[in-house]
Structure formats: C-alpha cells, structure tokens
Amino acid sequence: MIHLDVENLSIHYGAICAIRQVSFSIKRGHIVTLIGSNGAGKTSILRALSGLIQPSAGKVVFDGKPILGLKTHQIARIGMSHVPEGRGIFLNLTVADNLELGTWSNRRKGLFTEDQQRILALFPRLKERFSQNAGTLSGGEQQMLAMARALMAYPDILLLDEPSLGLAPQMIAKIFRIIQQLNAEHGVTILLVEQNALQALRIAHRGIVLETGSIVAEAPASELLASDLLRQSYLGSS
Ligand code: ATP
C-alpha cells in the first residue's frame, strides 16, 4: 500500500530550478533512501514534503490525502515528522524540555509520560542525560535527541535529513541501527536522505538517486548496491 506518493514535483528558488518533475512513491513500512551528491536537491524535497517550502508544481498525497499547500503543523498533525539537517533542537533547553516541545503536534494528547517512556527506551543515552542542556550533548546524542523529539509527535512517516552528518563511525552505526529498529519494530515508514549512500542502502528497502534535480535511478536497495555504475559514482570503493 502506497503511503506517500510524489508526482511531478518541481521546486524553484527564484529563477533556479532545484527539482524538476520528480515522481516517486513510498510503500507503508518501507525505508526509502534518497541519495545524491551535494546540491542534488535532496533537502529541498524533504522541505517541500513537510510544508517548509512551497513547490512550484506537483502533487503529494500522504495516506490518501493531498498535502501540498498545508502548513507544517497541519502536516505534522496528520503524521509526518521531519528531522532537519542540523537537527533543529534547542541547545539551551534540557533534553526533557526538547522532548516536551516535540509533543506540540501530538495526536495522542495526554499520553506524554507514556510516549516519553516509550521513546526513552529506544534512546537510553538520553534517559541518562535527561536534565542536561542539549547544547552540552555530543553530536551523536544531539542527533538522537532530534529523532526522539520527532517521535514524540507519534509519526507514521519520518523524514530524516542526513542523520549521520558529522558523526564518528561508531555513532553512525548506532543511529542507523535505531532507524532500522524504528522501522522494523515500530512500523514507522522512513524517507532517509543521506550522503552516506552505502550505509543508507544497506538498511533501506529501496533507493532513489538524484542528480541535479532529477531522478537518475530508482530500484530496490540491493540492486543499487550491486550496480557497478552506482558503486563508482556514489558509493566510493568500500
Ligand atoms: P546537500 O547534500 O549539499 O545538503 P542537497 O541535495 O540537499 O545538498 P539542496 O539543499 O536541496 O540539495 O539544494 C538544491 C539546490 O537548490 C542547490 O543548488 C542549492 O544551492 C539550491 N538552494 C537550496 N536552498 C536554496 C535557497 N533557499 N535559495 C536559493 N537556492 C537554494
């Protein structure tokens, strides 16, 4: 069953065309990774899906409802959470306060403590640092907090923008394991934007390769991992 359907999406910044007639769909319960080099347009797509920017053309249907034109908070309320590049957490607030802010669009009002416990079980490191200011957390812990905060809204679909950015290899592995767990054990559909294409494809069901605003490949992740051309262009030698 299709969870998110994107049809002929185009995004312009003034005269610059960042995304040109991009179409793809995501099945419920899948992890789909959007890969591509710097400036390919990955972040722009996520920002358009969550209502942060208005595309110049196209149609986006989420859970059977057209969502283009809706405000970010309305989109969040119907079950889409976005963890932006750079994480977007409040550095001068505590872990606890950041989590509470994540509930503003919670569709399960009154279940704050239960949701918080459920989420802290996924991120034991945050539980230990509950009263600490977010600005004093390590980069990996901040990424965990950003994801935990998004999960407080009880999303059906999570848009993750470069969660591995700036993290040490061990922390990257941990973040990727959590993404997989969210999907496998909690049924969250995930659209994952990553520079780290190899690791992203290893946990994804499908991959989409974007090049200067257009899709150049879209296939099961295992096929993309096996493709020579793709390995040379995007996956490095590993
Ligand atoms: P990266 O991996 O480097 O984050 P990306 O694939 O996420 O790149 P985008 O950030 O979506 O790419 O940018 C796509 C294109 O749109 C780039 O050429 C960028 O310079 C341009 N762009 C993005 N935001 C704006 C903006 N607010 N105003 C003008 N141009 C923009």
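This report walks through the overall build of the protein and then some of its strands, helices and loops.

## About the model

The structure is a predicted model, in which local features need pLDDT of at least 70, side-chain atom pairs count only at pLDDT 80 or more, and totals for chains, interfaces and linings use all residues. Residues are numbered from 1 along each chain as its sequence is written, and side-chain values use heavy atoms, with hydrogens and water left out.

## Overall build

Along the principal axes, the C-alpha atoms fill a box of roughly 45 × 40 × 35 Å.

Of the 238 residues, 49% are buried; buried means under 20% relative accessible area, exposed over 50%, and partly exposed in between (1.4 Å probe, protein chains only). Among contacts with a separation of 6 or more, 68% come from residues 24 or more positions apart, where contact means heavy atoms within 4.5 Å.

Strands of a sheet pair through backbone hydrogen bonds, either parallel or antiparallel. In this protein, four strands form an open sheet in the order β2-β1-β4-β5, with antiparallel pairing. Its edge strands, β2 (16–27) and β5 (65–66), each pair on one side only. Two strands count as paired if DSSP finds at least two bridges between them.

Strand β1 (residues 2–13) and β2 are joined in the antiparallel sense over eight bridges. If you'd like a place to look, Leu4 has Ile26 in β2 as its bridge partner.

## A covered strand

Strand β6 (residues 80–83) is covered on both faces: Met80 and His82 are buried on one side, and Ser81 and Val83 are buried on the other. β6 runs parallel to strand β7 (residues 157–161), and four bridges join the two. Within this pair, Ser81 stands opposite Leu158 of β7.

## Helix α1

Helix α1 (residues 42–49) is mostly covered, with six of its eight residues buried. Those buried in α1 are Lys42, Ser44, Ile45, Leu46, Ala48 and Leu49. After α1 comes Gly51, which has a positive phi, near 85 degrees.

Thr94 is in the loop between β6 and α3 and is buried, at a relative accessible area of 17%. Beyond its neighbours within four places in sequence, Thr94 is in contact with Phe130, Ser131, Gln132, Asn133 and Ala134. Thr103 is in the loop between α3 (95–101) and α4 (112–122), and is also buried, with a relative accessible area of 16%.

Phe123 is in the loop between α4 and α5 (124–128) and counts as buried at 1% relative accessibility. Apart from neighbours within four places in sequence, Phe123 is in contact with Met144, Met147, Ala148, Leu151 and Ile178. For one of these, Ala148, the C-alpha atom is 7.6 Å from that of Phe123, although the two residues are 25 apart in sequence.
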